[in-house]
Each structure stands twice: as C-alpha cells, then as structure tokens.
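Thanks for coming. I will go through one surface feature and then the surroundings of the ligands.

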Amino acid sequence: MSAQLIDGKAAAARVLAEVGADVAVLKARGIEPALAVVLVGDDPASQVYVRNKVLRANEVGIRSLEYRLGADASAEAVLEVVAGLNADASVNGILVQLPLPAHIDETRVLQAIDPAKDVDGFHSENVGGLSQGRPVLTPCTPAGCMRLLRDTLGDLSGKHAVVVGRSNIVGKPMAALLLAANCSVTVLHSRSVKPEKLCGQADIVVAAVGRPRMIGADWIKPGAVVIDVGINRIEENGRSRLVGDVDFDAVLPVASAITPVPGGVGPMTIAMLMHNTLLAARQQHGLSAQE
Ligand SMILES: NC(=O)C1=CN([C@@H]2O[C@H](COP(=O)(O)OP(=O)(O)OC[C@H]3O[C@@H](n4cnc5c(N)ncnc54)[C@H](OP(=O)(O)O)[C@@H]3O)[C@@H](O)[C@H]2O)C=CC1
Ligand SMILES: Nc1nc(=O)c2c([nH]1)NC[C@@H]1CN(c3ccc(C(=O)N[C@@H](CCC(=O)O)C(=O)O)cc3)C=[N+]21
C-alpha cells in the first residue's frame with residue numbers, strides 16, 4: 001500500500017482563489033487590503049520567502065509593501081519601521097521575517113506589532129487568544145496544516161495527534177489548534193525519551209523539527225496521517241535539494257496520507273498569510289467574516 005499524497009500546492013491554490021474572490025468584493029467597496037513585509041539582513045532563504053509572499057499577494061489583489069534593512073540595522077531602526085506601519089491606516093497586515101539578526105531581540109520586535117495587524121499571530125495577545133479559544137489571527141503554518149488535515153480527515157475529534165517540535169512559531173500553536181479541534185495532543189521535543197514509541201501511537205503526526213529525514217517508518221503507526229513541516233536544504237549526489245523532517249520514501253508505504261516537501265505545507269503557509277491579511281483588513285474596517 002502507498003499513502004495518499006496531500007497536495008499542498010492544490011490546497012493552497014483553492015485558499016488563494018477564495019481569498020482573491022473576497023478581496024475583489026472588498027475592493028468593490030473601496031477597501032484595498034495591504035500587507036507589509038519587513039526583511040532585516042540578507043539571508044538568501046528569507047529573500048526567497050519574502051519574494052514568494054509578495055508574488056502571492058499581488059496574485060490575489062493584496063497590495064504589498066516591502067521594507068528592507070541591512071544586517072547591521074539597530075533594533076530601534078526596526079521598531080521605527082514597525083511603529084510607522086502600525087500608524088498607517090492603509091496597512092492591514094505586518095510581517096517581520098524571522099529569524100532576525102542575533103543582536104536584535106525578536107520578542108521585543110514582535111510585541112511592538114499592533115495585534116490587529118499581526119498576520120503571523122506571534123504577538124502574545126494573539127498567542128493568548130488562541131490558547132483561550134478567542135477568534136484571533138493564528139500562525140500561518142499551523143493554520144495551513146489544519147486545513148490540510150481537515151481536507152484529508154474531516155472531523156479530527158478524538159484523534160491522537162503527536163506534534164514533534166515545540167517552537168513558538170510552529171509546534172506550540174499547532175498543539176493548541178489540534179486541541180481546539182478536540183484531538184488528544186502529545187508534544188515531543190529534544191528531551192523526549194523514546195520519542196519514536198510515543199509518535200508510533202499517533203493517528204496524526206505533525207513534524208516540525210528541522211532535522212532532515214529524522215522521522216523514519218519506525219515512528220509511524222500504519223495508517224497514520226503525516227504532515228511534514230520541515231524544510232531542510234541538503235546536498236545529495238552532488239546537488240542541493242529540499243527534504244522534510246520525515247523520511248518520505250520510508251514512510252510512504254506505512255502512512256495513509258502524507259505531505260511532500262516541497263509542495264506540502266510551504267505553499268499553504270503563504271496562502272494562509274493572505275487569508276490572515278484579508279481577515280485583518282475586514283476587522284479593521286468593522287466588517288464581519290461574511291461581509
Ligand atoms: N513549511 C513552512 O512553512 C515552515 C517550515 N518550517 C520548518 O520547520 C522546521 C521547524 O521549524 P521551527 O519550529 O522554527 O524550528 P525550531 O528550531 O525553532 O524548533 C525545533 C524543535 O524541534 C525540537 N527538536 C530538535 N531535535 C529534536 C529531536 N531529536 N527529537 C525531537 N524533537 C527535536 C526542538 O526541541 P527543544 O525545544 O527541546 O529544543 C524544538 O522544539 C524547520 O525545518 C523549518 O525550516 C518553519 C516554519 C514554516
Ligand atoms: N515572520 C515569519 N513568518 C513566517 O511564516 C516565516 C518566517 N518568518 N520565517 C521563515 C519561515 C519559513 N516559512 C516558509 C514559507 C513558505 C515556504 C514555501 O513556500 N516552501 C516551498 C518551497 C520553496 C523553495 O523552493 O525554497 C515548498 O515547500 O513547496 C517555506 C517556508 C515561513 N516562515
């Protein structure tokens with residue numbers, strides 16, 4: 001048996017089509033949603049991500065603004081850009097690309113973003129809201145994983161979900177969303193003992209570790225649904241390629257469904273960013289989710 005491939009590109013295209021249609025409705029009412037992306041430094045991977053975000057925004061009719069600061073920019077300079085964007089009523093969403101250079105305190109910058117414009121969902125106001133079950137802007141990668149899981153499984157109630165990784169941007173919000181969807185949730189991390197045993201009990205596995213192909217067939221219960229968030233660039237046979245945290249070829253015959261890397265969670269992350277920007281624009285204009 002071979003697992004069903006969960007096509008993140010196709011799912012992202014569906015989300016983007018919905019967002020595009022809703023943006024057109026807003027524009028007809030004189031509202032043009034806008035997303036500002038702030039990039040500090042010259043990390044090549046970050047540059048690719050930022051370019052993709054701007055491209056997708058333009059495709060769905062969201063205006064995009066790009067702010068680039070040098071790798072030696074001070075925290076104050078970044079905070080000044082954020083303050084300007086907070087004050088600009090024509091900007092609905094603000095994303096500060098991570099990681100920031102080591103000399104800048106990430107938390108300080110993320111906390112400076114107006115929670116209503118925090119389309120990454122990283123501000124403590126939104127983090128707290130997610131854990132309390134308030135309707136807030138939720139982090140794009142976990143929100144994208146939830147869409148893929150719901151498309152694949154429908155209702156997730158009662159499923160045992162294992163999240164491998166506990167970062168603030170993926171693992172923790174992922175666990176919160178799965179719990180809100182009535183899963184029983186186990187979170188694994190670098191201090192977990194016999195993680196493969198715990199993971200082997202899961203109906204749903206979400207891998208967000210950053211270690212190429214760490215999760216092998218022995219971690220996966222036959223029939224489990226596997227969502228691979230990992231994006232790892234490796235050299236193989238003399239060329240560079242992207243692989244996930246899951247050993248895709250080994251897990252394919254064991255799982256019932258699995259996301260590929262690339263073409264899985266990555267495209268969904270960007271689609272959910274556009275979705276969040278649309279939500280933020282609506283809220284800032286006092287419109288409900290349906291309008
Ligand atoms: N597709 C997408 O859109 C996105 C992809 N990513 C990718 O997802 C991956 C994870 O990203 P991110 O969450 O930011 O990474 P972090 O480095 O912030 O967190 C990694 C987590 O993995 C845990 N971990 C490390 N080693 C092990 C191990 N041997 N066993 C179990 N757990 C372990 C760490 O545990 P501990 O807390 O104990 O240190 C930590 O909680 C990366 O490959 C990243 O590139 C990230 C964001 C978006
Ligand atoms: N403030 C902030 N918010 C983020 O959401 C954020 C961030 N910082 N920093 C970096 C991580 C990573 N991330 C990805 C987004 C899209 C792809 C993506 O589209 N990947 C393609 C492949 C792209 C390629 O070929 O390089 C795919 O998986 O198919 C990957 C990773 C968002 N992140």
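Let me start on the surface, with a nonpolar patch made up of Val 48, Tyr 49 and Ile 231, which together have about 230 Å² of accessible area. Please keep in mind that this is a predicted model. Val 48 sits in helix α2, which covers residues 44-60. A residue needs over 30% to be taken into a patch.

Ile 231 leads on to ligand 1. A backbone N or O atom of Ile 231 lies 3.1 Å from an oxygen atom of this ligand. Taken alone, ligand 1 exposes 930 Å², and the protein buries 70% of that. For Ser 167, a polar side-chain atom is 2.6 Å from an oxygen atom of ligand 1. For Ser 190, the corresponding distance from a polar side-chain atom to an oxygen atom of the ligand is 2.5 Å.

Now the shell as a whole. Ligand 1 is surrounded by 21 residues, and the closest are Arg 166, Ser 167, Ser 190, Arg 211 and Thr 269. Which element gives the most to this shell? That is helix α10, residues 265-284, with three residues. Sorted by class, the shell around ligand 1 holds ten polar, nine nonpolar and two charged residues.

On to ligand 2. Here 16 residues make up the surroundings, with Val 96, Gln 97, Leu 98, Asp 120 and Gly 263 the closest. A polar backbone atom of Leu 98 is 2.8 Å from a nitrogen atom of ligand 2. Asp 120 places a polar side-chain atom 2.6 Å from a nitrogen atom of the ligand. At Gly 263, a polar backbone atom is 2.6 Å from an oxygen atom of ligand 2. How much of ligand 2 does the protein cover? On its own, ligand 2 has 680 Å² of accessible area, and the protein covers 80% of it.

The elements that give two or more residues to this shell are α2, β4 (93-96) and α10. Helix α10 has the largest share, with four residues. By class, the shell around ligand 2 has ten nonpolar, four polar and two charged residues.

To come back to the helices: α10 gives the most to the shell of ligand 1 and also has the largest share in that of ligand 2.

Notes:
Residues numbered from 1 in each chain as written. Chains lettered and ligands numbered in written order. Heavy atoms only, no water. Patch = residues over 30% accessible without salt bridge, like charges linked within 9 Å, V, L, I, M, F, W, Y side chains within 5 Å. Areas by Shrake-Rupley, 256 points an atom, 1.4 Å probe, with all protein chains shown as cover. Salt bridge = Lys/Arg side-chain N within 4 Å of Asp/Glu carboxyl O. Near = heavy atom within 4 Å. Polar contact = N/O pair within 3.5 Å; in protein donor to acceptor, adjacent residues only side chain to side chain. Nonpolar A, V, L, I, M, F, W, Y, C, P; charged D, E, K, R; others polar.
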